[in-house]
Amino acid sequence: MDGQRLNPDLSPIGVTAAEPLPRSGGNRRVVAVSLAVVVGSLLFVAAQPRLYRSFCEWTGLYDIDRAEQVAASSIPSRPVTLEFDANSHDNGLRFRPETASLAVRTGEIVNVMYRVENTRNTTVIGQAVPSYGPQHAGGYVKKLDCFCFKQQTFAPHEVREMPVVFVLDKKLPDDVNTVTLSYTFFEVPAGSVTSPAAGKRS
Amino acid sequence: MQATQQVGAAGHHEDDSHGHGPTGLMRWITTTNHKDIGSMYLMFSFVMFLVGGAMSLIIRAELMSPGLQYVSPEFYNQMLTLHALIMVFGAIMPAFVGFANWMIPLMIGAPDMAFARMNNWSFWLLPPAAILLSASIFVPGGAAGTGWTLYPPLSIQMGMGMDMAIFAIHILGMSSIMGSINIVTTILNMRAPGMTLMKMPMFCWTWLVTGFLLIATMPILAGAVTMLLTDRHFGTSFFNAAGGGDPVLFQHIFWFFGHPEVYIIALPAFGVVSHVIPAFSRKRLFGYTSMVYAIAAIGLISFFVWAHHMYVTGIPLTGQLYFMYATMLIAVPTGVKVFNWVTTMWRGSLTFETPMLFALGFLVLFTIGGLTGVVLAMTAVDIQMQDTYYVVAHFHYVMVAGALFSAFAGLYYWLPKWTGHMYNEGLGKLHFWLSMIFFNVAFFPQHFLGLAGMPRRIPDYAQQFADFNMVSSIGAFGFGFSQLLVIVVVFQALRGGAKAAARPWEGARGLEWTVPSPAPHHTFEDPPAFDPAESEA
């Protein structure tokens with residue numbers, strides 16, 4: 001083309017060129033490559049959940065607090081005696097633990113049942129409140145589930161077994177070898193039967 | 001010739017001079033002509049621009065003063081989400097596809113796009129997607145209110161408006177992929193004899209890279225939203241922590257698409273400016289080769305910087321450092337481009353018609369947006385600024401003053417070629433100056449708001465932000481209403497005005513200026529002679 005320089009202003013439309021078109025491949029080839037890229041991208045994104053997980057596990061990023069867990073697990077487990085106690089507050093509820101004492105190890109899941117019997121002819125609503133002995137051991141009792149989490153309603157003469165599930169933290173101070181878990185059932189006065197949280201909102 | 005003059009007047013179109021094909025509305029529905037389709041893309045994007053703009057004005061009205069005035073927080077969230085989705089996928093991207101349709105065949109001397117029928121499909125997928133997105137406001141639960149990033153867990157919990165947004169994204173993705181394959185094939189295979197890749201117009205180069213980015217990343221977004229859909233309805237747990245998934249995975253996938261998307265919007269804008277600045281400087285583009293390499297480098301690096309949107313998700317320090325340095329690396333090729341444009345003007349014989357004004361506005365404001373981008377790339381700074389109005393200001397400087405100003409530069413630059421008439425220069429300049437002033441009034445104060453700690457995406461704010469928000473809202477309304485001038489300018493140019501010469505700008509180069517104005521319905525049915533010595537390179 002260098003031989004036939006044309007004034008760009010005057011370059012005529014429709015001059016058939018002597019040279020062939022500068023093709024870098026037929027249209028089919030460009031479309032095939034493009035569609036291959038599209039399919040490749042789709043496969044790439046489809047593989048992401050698996051790749052992401054493997055990458056994070058390989059680099060240890062998946063669990064960002066794993067280091068803390070490893071540190072915690074390095075504390076050895078040790079035996080502790082648990083004692084269970086129950087009191088009711090002159091409200092017609094007969095309340096006692098099914099197990100009086102238990103030998104457990106720290107870091108172990110403990111599941112204990114408490115038994116409640118309503119001796120009255122009327123419905124009783126109660127709330128159990130825990131206390132610990134020694135008092136500072138309370139912070140190491142990690143409860144997963146407890147009947148003390150909410151108010152309980154007992155039909156007349158109803159008997160019910162209720163669980164408390166917890167783990168004794170391995171960081172329990174070494175001088176504590178016996179932990180006492182004590183519950184007291186208080187009657188919720190009639191007329192304020194909503195849960196404390198709901199009561200605050202209204 | 002009648003045909004191109006009747007752009008925008010589909011209802012009362014008389015038979016075109018070539019005497020074939022359906023007439024009236026059916027002509028526009030069935031057309032395979034790149035000029036018709038380009039015009040439809042541009043009109044569609046302008047309508048969407050007005051819709052998305054109206055939504056942003058609802059947002060700015062609510063933010064005019066503290067407290068809740070006009071809309072509920074839920075509706076506010078839906079507005080900001082739809083504003084973003086519509087502006088990105090409905091306004092800016094179709095606008096540049098419209099430019100590509102109109103101008104690439106003319107620039108490379110091709111008779112039409114490579115796949116004319118598919119071109120028609122690419123366009124006609126857009127209106128259903130736009131209807132799905134807009135109609136989602138009216139379904140129970142309203143439109144998606146997650147922000148355009150669609151992060152789970154919120155996007156898993158929303159109502160059916162979210163599903164409509166997901167399907168709209170699927171349709172838009174298909175349209176983009178088809179359009180890109182078409183453009184890439186056209187550029188690679190249909191250039192005039194003698195036009196080698198390194199001699200072709202810069203706009204074609206930017207679209208070649210953009211087309212590749214779209215083909216590679218739109219399936220990523222489609223995959224991500226499909227996983228959202230199955231999480232929502234089919235019991236999977238890709239992103240649901242309760243089922244063993246990870247919501248952060250969505251952010252990685254989204255931004256692996258989302259960051260190249262930023263350059264999908266910016267690169268064609270660079271291309272338009274690379275034509276306008278040399279034309280009005282009466283010089284060749286400075287450093288053509290370095291411009292091409294810069295475009296390719298930006299396209300490539302954009303795949304490796306995605307997590308700079310995610311500094312606060314708990315990625316490790318090594319990751320933060322890598323993404324920080326990689327992000328700053330993009331400033332190098334971008335800087336090459338900015339300096340090349342400036343050097344193109346150096347000792348040029350400059351005139352300041354409307355296209356040049358918009359290109360210069362682009363250059364100044366885009367550089368400001370780029371600089372705040374480098375600031376935000378710094379991890380230590382970003383952790384402080386994440387999700388504040390500083391980020392909002394940053395990306396509006398690159399999206400609005402970058403992409404939109406460049407689109408207006410292109411509109412005024414090529415309007416004489418499309419309509420055969422010169423536009424009203426006075427109104428064009430008025431449009432530029434109103435846009436320039438109100439844009440800065442609207443968005444510059446948002447830097448201060450962000451630095452002072454105002455979070456984004458919240459309809460209410462603390463009292464101390466009231467003054468800057470009032471200023472910003474005034475700017476936004478001024479900017480919004482100034483854009484209505486475009487309708488007047490384009491309508492006037494369609495109806496009449498000074499006759500445009502084949503090459504109305506004396507400094508303009510390229511094959512598109514060798515065809516008469518308005519461009520005939522069919523051009524370059526035989527390949528034109530291309531003189532490499534007269535190319536931009």
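Reply: Leu363(B) is buried, because 20 other C-beta atoms lie within 10 Å of its own. The cut-offs are simple: 20 or more such atoms within 10 Å is buried, 12 or fewer is exposed, and anything in between is partly exposed, with C-beta atoms placed from the backbone. This is a predicted model, so local features need pLDDT of at least 70 and side-chain atom pairs count only at pLDDT 80 or more, while totals for chains, interfaces and linings use all residues. Residues are numbered from 1 along each chain as its sequence is written, and chains are lettered from A and ligands numbered from 1 in the order in which they are written.

Leu363(B) sits in helix α13 of chain B, residues 354–377. Helices here are DSSP runs of H or I with at least four residues, strands are runs of E with at least two, and both are numbered from the N terminus. Setting aside neighbours within four places in sequence, Leu363(B) is in contact with Val338(B) and Trp341(B). Contact means that two C-beta atoms, placed from the backbone, lie within 7 Å. Trp341(B) is 22 residues away along the chain, and its C-alpha atom is 8.2 Å from that of Leu363(B).

Now step back to the whole of chain B. It has 18 helices and zero strands. Of its 537 residues, 56% are buried. Its C-alpha atoms fill a box of roughly 65 × 50 × 40 Å along the principal axes. Among contacts between residues at least 6 apart in sequence, 81% join residues at least 24 apart.

Next, the cores. The largest nonpolar core holds 186 residues, and Ile92(B), Ala224(B) and Ala409(B) have the most contacts inside it. Helix α4 of chain B, residues 73–108, gives this core its largest share, 23 residues. A core here is a set of buried Ala, Val, Leu, Ile, Met, Phe, Trp, Tyr and Cys residues joined through C-beta atoms within 7 Å. Ala224(B), leaving out neighbours within four places, is in contact with Val45(A) as well as Phe250(B), Ile253(B), Phe254(B) and Phe257(B). A second, separate core has twelve residues, including Val116(A), Ala128(A), Val164(A) and Tyr183(A). In soluble globular proteins, nonpolar side chains tend to be buried together.

Chain A brings a sheet. Five strands form an open sheet in the order β3-β1-β9-β5-β7, with mixed pairing. β3 (101–105) and β7 (152–154) of chain A stand at the edges with a single partner strand each, so one side of each has no neighbour in the sheet. From one strand to the next, the twist averages 30°. Axes are lines fitted to C-alpha atoms, for helices over the stretch in contact, and angles run from 0 to 180 degrees between N-to-C directions. β5 (124–133) and β9 (178–187) of chain A pair antiparallel over eight bridges. Two strands pair if DSSP finds at least two bridges between them. Ser131(A) stands opposite Ser182(A) in β9(A).

Some backbone details stand apart. Most residues other than glycine have a negative phi, and most peptide bonds are trans. The bond from Pro152(B) to Pro153(B) is cis, with omega near 5°. Pro153(B) lies in the loop between α6 (126–135) and α7 (154–157) of chain B. His157(A) has a positive phi, near 60°. It is in the loop between β7 and β8 (159–168) of chain A. His157(A) counts as exposed, because it has 11 C-beta neighbours inside 10 Å. Arg282(B) also has a positive phi, near 55°. Arg282(B) is partly exposed, because its count is 14.

Finally, confidence. pLDDT is the predictor's confidence in each residue, from 0 to 100. Chain A has a mean of 79, and 75% of its residues reach 70 or more. Within chain A, helix α1 (27–46) is highest at 94, and helix α4 (196–201) is lowest at a mean of 40. Residues 1–20 of chain A stay under 50, and residues 195–202 of chain A are below 50. Where pLDDT is low, the predicted coordinates should not be read in detail.
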